[in-house]
Amino acid sequence: MALTSYVSDQIWLCTYPIRLAGTKFEARMTTIRLTSGLVMLHSPCHITASIAEEISAIGSVGHIVVPGNFHHLHASSAQIAFPSASTWICPGIERKRPDLKYDGVLGDVAPAGWAGEIDQVLVQGTRIMREVAMYHRASQTLILVDLIENFTDATPNTGGALKLWFKYVLRMWGKPGPAPEYRMGGNDQVSLAKSLRRILAWDFRQIVLSHGDLIDQDAHEVAAAAWSKILGFDDFSARGA
């Protein structure tokens, strides 16, 4: 594992292997240097001594962000490596990980540490997955974990079981879309659609996501297409009002 630059002097990425339900693929940590000079770790990977050294070369870690309730496994590792950093969690983590100490729960309003630089939306209307989407204004980058997954033939380090599941069962291979858990757990599609429309109101030009290929071309259009079925519920509600 190693950090790679994504937006010069602002955003770095690190992929790492994971296994879930018999499948293997990669997840992605996003590292952001704020204008204060402090560093945010978004959806942290396991922090080894070498990764900690690379991160520290960027700046002092001020914030550890656990942005989704399926992205908490390595938060403790980040806390041990950077004990002076504050930890911010997505709602639901406090029940799923009662052992994890935290300083605040994320919502629609950005904490003072990154207000004005990174906007955020707490995605509503789901009972299985919870997520806080973030928008880095300076680089026009949308940062997600599971709201879009993008597995293709070019995606590295994906196992055969994952390809079989995504290509032949879910029909998501080569077609960006929300994680399957969003399909199964969307108990309030109208509220979910409204959250997605708030995200689409941001002027993002690229998307960093946790699983699959990054989206660097036509990002806004790709996101709208990925969420089109869900967004239809909001359209239907508006027409019926």
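A: A residue is called buried under 20% relative accessible area, exposed over 50% and partly exposed in between, with a 1.4 Å probe and protein chains only. This is a predicted model, where local features need pLDDT of at least 70, side-chain atom pairs count only at pLDDT 80 or more, and totals for chains, interfaces and linings use all residues. Residues are numbered from 1 along each chain as its sequence is written, and side-chain values use heavy atoms, leaving out hydrogens and water.

Q: Thanks! Is Trp88 buried or exposed?
A: Trp88 is buried, at a relative accessible area of 18%. Trp114 is buried too, at 0%.

Q: And how many aromatic pairs are there?
A: The count is two, taking rings of Phe, Tyr and Trp (its six-membered ring) with centres within 6.5 Å; planes under 30 degrees apart are stacked, over 60 edge-to-face, the rest tilted. Trp88 and Trp114 pair edge-to-face, with 5.7 Å between centres and 80° between planes.

Q: What about Tyr135 and Trp202?
A: Their planes are at 10° and their ring centres 5.5 Å apart, so that pair is stacked. Both Tyr135 and Trp202 are buried.

Q: Switching topic: how many residues does the largest nonpolar core have?
A: That core has 27 residues, and Ile199 and Trp227 are among those with the most contacts inside it. A nonpolar core here means buried Ala, Val, Leu, Ile, Met, Phe, Trp, Tyr and Cys residues joined through side-chain atoms within 4.5 Å.

Q: What does Ile199 touch?
A: Beyond neighbours within four places in sequence, Ile199 is in contact (heavy atoms within 4.5 Å) with residues including Val121, Leu142, Phe204 and Trp227.
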